[in-house]
Amino acid sequence: MFNKLREKLKGWVQKVSEESKEEKPKKEKDSKKKEQKKEKNPKKEEEKVEEEKTKEEPKKGKNKKSIFNKLTSNKRLIAEKDFEKYSEDLEMLFLENNVALEVVDKIIENLRKKIVDKEVNKKEIENEIKNSLKEIIESVLLPPINIVERINQKEEKPFVMLFCGINGAGKTTTIAKIANLLKKEGISSIIAAGDTFRAASIEQLKKHSEKLNLKLIAHEYGSDPASVGFDAIKYAKKNKIDTVLIDTAGRMHTEKNLLKEMEKIKRVCNPDLTIFVGESITGNDSTEQIKSFDESIGIDSIILSKADIDEKGGTALSVGYTTKKPILFLGKGQNYEDLEPFDKKKFIEELGL
Ligand SMILES: Nc1nc2c(ncn2[C@@H]2O[C@H](COP(=O)(O)OP(=O)(O)OP(=O)(O)O)[C@@H](O)[C@H]2O)c(=O)[nH]1
Ligand SMILES: [Mg+2]
């Protein structure tokens, strides 16, 4: 993840910090002005002698030396006019890597506030830019929900999770990964085969449930998915199962009739969490998809699959902010273990900041 964005961001930070370390003509002007000032106010002879002394014997006054060093190595990080030039490059590299425009604007605006005209120690320029970006990106990411905690907090079980998303996004695989994770946490679960539409969808879930040794509730192909969910919840109540994971058929966010069917599943099953599973590689379209699903059925959170094959990473960076829905997990492969809780700190580290 982030292979491209990480490298480009690194290059940008280095470019800005190297160029802002270089002396600018303005400095020369400043020193010329100082020279003129000096000539106008020539120092008394004693003062000059005293100054020379301090220069020759810097070791004597340790404090004086460090203050002197600090002053000479302090530097204005970046001027407003230079920021314009650099921010255009930054904007392009974020946009090329699937970061939504709304988020790019926010990052750049906040970066402007943080670094333009700021005085920093020369040595610290690169760190200063990196830390500023790190803080800004951290503020863009929503804090994730801990589903294990949420499940444990619910007194009257089962805790019901409904999964939705467009075709082939990774819903079924993600459900199997979550069941595996819950099992490790000592939380029991059953799966409801709510995709009664796509050929072989029930067989796909059968295989997973056999491997994971879980009960699968399934009806005939073509039957009402809402009643599959309803039966699964009934079974879980009777058998004291902690969670019900309801799979659904993939559907495009533009297909109003299919979204209506989701509304019915939601109304009948009344889930504790409605999770949108989207592909990390989709880019800005994911925002539109989530907004459509949210309008019709209400979405609580997001899981982004296929983050392992996403070179850009921008969707994961910006989808939470643009939809105001937290990301629960990142899917990072096809095995059960390849599900990573979304962790802001780790995410920022992966970005190289
Ligand atoms: N590389 C990678 N592949 C994944 C990941 N998650 C799912 N896949 C693959 O994506 C393909 C589709 O996954 P499914 O789980 O069947 O997707 P779905 O959303 O249930 O698909 P439909 O039911 O047809 O809408 C499969 O080949 C999965 O193995 C992931 O995190 N990384
Ligand atoms: Mg499926």
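A crossing of two helices counts as left-handed if the near helix is turned anticlockwise from the far one by less than a right angle, and right-handed if clockwise. By that rule, helix 5 and helix 6 make a right-handed crossing. Keep in mind that this is a predicted model, where local features need pLDDT of at least 70 and side-chain atom pairs pLDDT 80 or more, while totals for chains, interfaces and linings use all residues. Residues are numbered from 1 along each chain as its sequence is written, with chains lettered from A and ligands numbered from 1 in written order.

**The chain overall**
- The protein chain has 15 helices and 10 strands (DSSP runs, H or I of at least four residues and E of at least two, numbered from the N terminus).
- Of its 353 residues, 39% are buried, meaning 20 or more other C-beta atoms, placed from the backbone, lie within 10 Å of a residue's own.

**Helix 5 against helix 6**
- Helix 5 (residues 80-96) and helix 6 (residues 101-115) have axes that come within 10 Å and cross at roughly 150° (lines fitted to C-alpha atoms over the stretch in contact, angles from 0 to 180 degrees between N-to-C directions).
- That angle makes the two helices roughly antiparallel (over 145 degrees).

**Around ligand 1**
- Ligand 1 is surrounded by 21 residues, with G170, T172, T173, G250 and G331 the closest (C-beta atom, placed from the backbone, within 6 Å).
- Helix 9 (residues 171-184) gives the largest share of that shell, three residues.

Note on methods:
Angles under 35 degrees count as roughly parallel, over 145 as roughly antiparallel, 65 to 115 as roughly perpendicular and the rest as oblique. A residue is buried if 20 or more other C-beta atoms lie within 10 Å of its own, exposed if 12 or fewer, and partly exposed in between; C-beta atoms are placed from the backbone.
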